[in-house]
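This briefing is meant for someone meeting the structure for the first time. It starts with the chain as a whole and then turns to particular elements and residues.

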Amino acid sequence: MHISDGILTSEVAIGTAIISVGLLAFSFKDLKNKNIAIVSAMSALFFIASFVHIPLGFVQIHLILIGVIGIVLGAQVFLAIFIALLLQATLLGYGGISSLGANLIIMSLPAYLLYLASKMQLLNIFPEKLKYFMIGFLAVFLATLLLALILALSKEEYLYASYTVFLANIPAMFIEGLITLFLINYLKKSIPDLLDEAKV
């Protein structure tokens, strides 16, 4: 789901970069020393999950696990995903430097929104296991919407490509939902304190 260098117009690349700087400043504001280890662990989880990917035109479908990362980290999700995206762009060529701001928004904003929804108990309309599934499903759904929106804003000819990207990511939404369901179940049994803030 990464956008590569050279895809976005300079206006969109600069605009998303400026927004990303604001999100990173927000993430740093409440960062405490005791949280650095878990931010690093979640950054590593995102980095490793992205290894399994399928190229599709100028995007790639792969695991991202941003739903579970978001509810564990809250506002620090922006920092964790930024570090992973920067390493992926510089070491592996996933995404790019000029599109780093756009990729950060696409991957981390849905994760944070799901954290807020969980904390405000908006997801409690679902039975417990369906709620865990929806955290993963909706994270990829929202990320795909943002990806399609940014592509469509960049160039008019990307509009049809964004429809294709959205359709191609539907299987990924269900896969992420199932994996998130198992991950949250595991975390609740093994490290329940980790999810207390998100009220999962």
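Of the 200 residues in the protein chain, buried residues make up 50%. The model is a predicted one, and the values below are computed from it. Among the contacts in the protein chain with a separation of 6 or more, 79% are accounted for by residues 24 or more positions apart.

**Overall fold and surface**

- The protein chain holds eight helices and two strands, and when read along the sequence these follow the pattern α-α-β-β-α-α-α-α-α-α.
- Because its radius of gyration of 16 Å is close to the 16 Å that the globule rule gives for 200 residues, the protein chain is as compact as a globular protein of that length.
- Taken along the principal axes, the box filled by the C-alpha atoms of the protein chain is roughly 45 × 35 × 30 Å.
- The protein chain exposes about 9,500 Å², and carbon and sulfur atoms supply 71% of that area.
- There are 10 positive and 10 negative side chains in the protein chain, and the centres of these two sets lie 13 Å apart.

**The largest nonpolar core**

- The largest nonpolar core has 63 residues, among which Phe 46 and Ile 66 touch the most other members.
- Two or more residues are given to this core by each of helix H1 (10–29), helix H2 (36–49), H3, helix H4 (77–92), H5, H6 and helix H8 (170–190), and H6 gives the most, with twelve residues.
- When neighbours within four places in sequence are left aside, Ile 66 is in contact with Phe 46, Ile 81, Met 107, Pro 110, Ala 111, Ala 139, Ala 143 and Glu 176.

**Helix H3 and its ends**

- Eight of the eight residues of H3 are buried, so this helix is largely enclosed by the rest of the structure.
- The buried residues of H3 are Ile 66, Gly 67, Val 68, Ile 69, Gly 70, Ile 71, Val 72 and Leu 73, and what covers them includes H2, H4, H5, H6 and H8.
- Leu 65 belongs to the loop between strand S2 (59–62) and helix H3 (66–73); its phi is near 60°, a positive value in a residue other than glycine.
- Since its relative accessible area is 5%, and buried means under 20%, Leu 65 counts as buried.
- Gly 74 follows H3, and the phi of Gly 74 is also positive, near 65°.

- Ser 118 has its place in helix H5 (residues 100–119), and because its relative accessibility is 4%, Ser 118 counts as buried.
- Not counting residues up to four places away in sequence, Ser 118 touches Ile 71, Leu 123, Ala 198, Lys 199 and Val 200; one of these, Ile 71, is among the buried residues of H3.
- Gln 121 is found in the loop between H5 and helix H6 (128–154), and its phi, near 60°, is a positive value in a residue other than glycine.
- With a relative accessibility of 42%, Gln 121 counts as partly exposed, whereas Leu 65, which also has a phi near 60°, is buried.

Notes:
Residues numbered from 1 in each chain as written. Predicted model: local features only at pLDDT ≥ 70, side-chain atom pairs only at ≥ 80, totals over all residues. Heavy atoms only, no water. Helix = DSSP H or I, 4+ residues; strand = E, 2+ residues; numbered from the N terminus. Buried < 20%, exposed > 50% of the residue type's maximum accessible area, 1.4 Å probe, protein only. Contact = heavy atoms within 4.5 Å. Core = buried A, V, L, I, M, F, W, Y, C linked by side-chain atoms within 4.5 Å. Rg over C-alpha atoms; globule rule 2.2 N^0.38 Å. Areas by Shrake-Rupley, 256 points an atom, 1.4 Å probe, with all protein chains shown as cover. Lys, Arg positive; Asp, Glu negative; His and termini not counted. Charge placed at Lys NZ, Arg CZ, Asp CG, Glu CD.
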